[in-house]
Amino acid sequence: MFQLCLPRGGRALLGLRLLRGPPGAWRAVSYQPIRKVLVANRGEIAIRVFRACTELGIRTVAVYSEQDMGQMHRQKADEAYLVGRGLPPVQAYLHVPDIIRVAQENGVDAIHPGYGFLSESAAFAQACLDAGIRFVGPSPAVVRQMGDKVEARAMAIAAGLPVVPGTPAPVSGLAEARDFARDVGFPVILKAAHGGGGRGMRVVREPQELEESFSRASSEALAAFGNGDLFVEKFIERPRHIEVQILGDQHGHVVHLHERDCSVQRRHQKVVEIAPAARLQPPLRERLASDAVRLARQVGYENAGTVEFLVDQNGSYYFIEVNSRLQVEHTVTEEITGVDLVHAQLQVAAGRSLPELGLEQDKIRVNGCAIQCRVTTEDPARGFQPDTGRIEVFRSGEGMGIRLDGASAFQGALISPHYDSLLVKVVAHGPDQPAAAAKMRRALAEFRIRGVKTNIPFLQNVLAHPQFLGGVADTQFIDENPELFHLRPGQNRAQKLLHYLGHVMVNGPSTPLPVKAKAALMEPTPPPTPMGPPPEGLRAVLQREGPAGFSRALRAHRGLLLTDTTFRDAHQSLLATRVRTRDLARVAPFAAHSLSGLCSMETWGGATFDVAMRFLHECPWERLQELRRLVPNIPFQMLLRGANAVGYTNYPDNVVNRFCEVAVANGMDIFRVFDALNYLPNLLLGMEAAGRAGAVVEAALSYTGDVADPTRTKYSLQYYLDLARELVAAGTHILCIKDMAGLLTPAAARLLVAALRERFPEVPLHVHTHDTAGAAVASMLAAADAGADVVDVAVDAMAGMTSQPSMGALVACTRGTPLDTGIALEKVFEYGEYWEGARALYAAFDCTATMKSGNADVYENEIPGGQYTNLHFQAHAMGLGHKFKEVKKAYVEANKLLGDLIKVTPSSKVVGDLAQFMVQNGLSREEVEARADELSFPLSVVEFLQGYIGTPPGGFPEPFRSRVLKELPRIEGRPGASLPPMDFEALAQELGSRHGAPPSPEDLLSAALYPKVYDEFRTFTSTFGPVSCLGTRLFLEGPAIAEEFEVELERGKMLHIKALALGDLNAAGQREVFFELNGQLRSILVRDTQAMKEMHVHPKAERGAKGQVGAPMPGEVVEVRVEEGAQVAKGDPLCVLSAMKMETVVTAPVAGTVARLHVRPGMSLEGDDLIVEIK
């Protein structure tokens, strides 16, 4: 049907319409339906256009680069064709001839440019028209005018719009930019003359920044838009960024669809957009809209576009640019107006008028508020550095009022460094801004994205900020609110555990297994425990009466008291300290209820502290906290190595003091304080630290020799009595005989305990021994008869050999006698049954793998129980298993060489290291003495002789010491006395910056005691998550293929996992491991470490190595600024990286010389790949 139409200011023609564009321009327009559309773009916007086309019955064509063969937009179109073969990723989408060729060859009658790439290219728009293809956008002339920021500015001035002071044309170079900045004053902003979106844009606040910023902005503009021209403007401080959506047709009609607030930005790129803008005065809102429409009419604007303004704090506004294309944030306008902008674009391009589409100004109304968040693969904690990789898990937030526009957001998608980091646009619509923000926060909280970092935690902080919710955020909002970067990290527990299991399946155990013995398939079942709180124990006495009252209660107790070492020294002696918190915690409630009469439980300290982090990947403090929660009634006891705390070296005094304070705060009650050499100054420091913390001090006499043998004169009865006198005078609450090697025969026990009891009648006596020779039960009974109040035992399944004597044996032997322990024997049996099963989980660490019995030769070699086991393992690992008898003999000789030491950690290690050194090198004692000045001794031996662990009884062996040390320094007095105090505040700041959150008091001490171990532990847990949730066999060995199992993350949260398959090695040295998690397929890529050794792989920068500079993000090396041998100052540029079209200058973290350069221009890097080494 023909229609008579009278456009404003035009003539009526039958079947034709006339458009008046710029003054004096007229052309006839007829409706020509579009049947096939090509989208010259990728990703989310391509899919957005395809969907609109499908709804309108239009066939769709996609183009894609070689790097985008797996992209979703290619699959969503009816047809898809490769463009830019052999070109770089971005250039492929900028290759106009190829795109036009595809359109012509496949019957395309319209091309939609999307946003970015060629969307603002007048040459591309003209090429489309020249090829007889409609361009879905403004005319080429308007695209050129609006794309040229300088010409657009001139047209805005002509239309009467206020503008920001700026250069009238693109500057010819740096000198012109410098002149302009000098005239108007800093700050200024550099802008790409032929594109937007934050590319090629830099704010320059100081003159010295101009040259570098100009170079980077021009380079970015050239890469993004094919033209590096820049213009310069005065930078308006703290404005709001308000843009007005316009829509024009080919008939002279122009409408606005109200405004959007795009002020929440970083790097001049929009992060969150809102429509309509809050807190705009109605007159200002009307002026912005009317100015936008006036400018569009002035230029004869057709199709969709955006007129952008800055609004300052005083309500003044300035035109900044026109984006002659669809904007990323068009979605919020669609939500509040109900207008499908892409539908409108396509209909207008076909010749429809806005009135025909029902788009008249008085009918376009605002309904509520819409917010768009751009979820990107960027890491806010690292300056929004783009992240790349494979999306392992994707679960989106949905529901009422939520819209998702995405393309790459699916499980298995590969995020490359070549394109924009946008993953998905999330749009929330509600009646007002707070309601829309609440929907958005809920939706973002539902997202689960694993495999790449995202900005979701940052977006959640933005949405919860009062300034945002109040509608008063400006463009400085992100910069001025550093609390937005206090990110709550996602737990990501399930996926991290899959990574750990996959790592074990591919590379073997993360904890080295000394022998090939399989863990038991079944976990033991803990014995039944009554409901309710456990019975009151001796801890109640300690809490009521303090350490002195507790000491009196021990002396007043009738019968023999027991300390259970099963939770620490027993498994340290038998199972290499490898028992996990999980297996301790499962039986802890039973111990609390059924063994409440114990004097104490040894649960912590000694080697368990560092081993927990180093091998079990657990926090030792969390172990203490968990056990304390489960066993509130029995006193906990720990081993404190005097001035060495729970380490193997000397620490500043304030470290030892704070350690004791924090341990007590976490539930520790009794500190057994010892020194490997009985060196009194070290002992006194540990005693004072424990005492000041409010704990029970149990000072230990480290025992060696044989007090019952009158020929052994060095460590005689009088020696121990004298030492005990010093410890009692220093205020110990309990005296302990610490017999680490199990040398205390029944006769010696009777003699020593009786003498101590007579000399110190009011001090409780506690005896600790090992059962290496098999006589420990007899020795403990003798000690008890002689007056000992407490003896150490281990549950039967964890007793004997190099461990403590049997709990069941002591309970049974004293039952019905004055020494009756009060412990029910049947409860000991139940306790032991659990531990028998638990021990089978640690078969690879069990001393019985290499030892089949104890040995009375310990009375000759005096090897401590725990070390006896370790030496056995070490001898086998070093190929000396068949020579273990020689190692034991060498241990005796090494001990003599060193002057007959008390052998407790760390002095026992010194003797053991020297013994193995002698066996490995075939050296006798005489040969070592003769060649002492030429041999390279183990470090532990040298440091002992220097005095690093104190002075042994009787002094150092001479002339052996002098011949070994030669000119090396010697330490006089207490080794730690000269150490400066630890600066805990500085350490806390360092840890906070390194790990992204302030450390807890416990973390602070872990780092102070074991800095490298703690750092590795944190790295492990951030990578693999809470491995403590895994069963012990799975933790050690990983699952078998087709094995199904459950993992309880926390109460009420259970993972159902099945290991499905292990893939072949790929070109990157990875294997794909397949799992089923809660019924869904999951796969992860795991580097095969053995295969990687045989492949050339770019080295990584070592964490904490200040001279090693790693890539801060994945990307391509654009420029290298230094060469090997160059001198650099801190902050000097080293190279330029480009990722996702954003360039980053990598600077030197320290001053020095470039020792080695690992990159060259054009090289692709992954995050943390080594760039340079600075010496």
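The count of aromatic pairs comes to 31, where rings of Phe, Tyr and Trp (its six-membered ring) pair if their centres lie within 6.5 Å, and planes under 30 degrees apart count as stacked, over 60 as edge-to-face and the rest as tilted. This is a predicted model, in which local features need pLDDT of at least 70, side-chain atom pairs count only at pLDDT 80 or more, and totals for chains, interfaces and linings use all residues. Residues are numbered from 1 along each chain as its sequence is written, and side-chain values use heavy atoms, with hydrogens and water left out.

**Aromatic rings**
- W604 and F609 form an edge-to-face pair, because their ring centres are 5.6 Å apart and their planes stand at 75°.
- F609 and W621 are also edge-to-face, with centres 5.8 Å apart and planes at 90°.
- This pair ties together parts twelve residues apart in sequence, because F609 lies in helix α20 (residues 608-614) and W621 in helix α21 (residues 620-630); helices are DSSP runs of H or I, at least four residues, and strands of E, at least two, numbered from the N terminus.
- W604 counts as buried at 1% relative accessibility, buried meaning under 20% relative accessible area (1.4 Å probe, protein chains only).
- F609 and W621 are both buried.
- A cluster linked by ring pairs holds W604, F609, W621, Y648, F659 and Y1010.

**Open sheet**
- Five strands, ordered β7-β6-β5-β8-β9, form an open sheet with parallel pairing; two strands pair if DSSP finds at least two bridges between them.
- β7 (79-82) and β9 (134-135) are the edge strands, each pairing on one side only.
- β5 (residues 36-39) and β8 (residues 110-112) pair in the parallel sense over three bridges.

Conventions: Buried means under 20% relative accessible area, exposed over 50%, partly exposed in between (1.4 Å probe, protein chains only).
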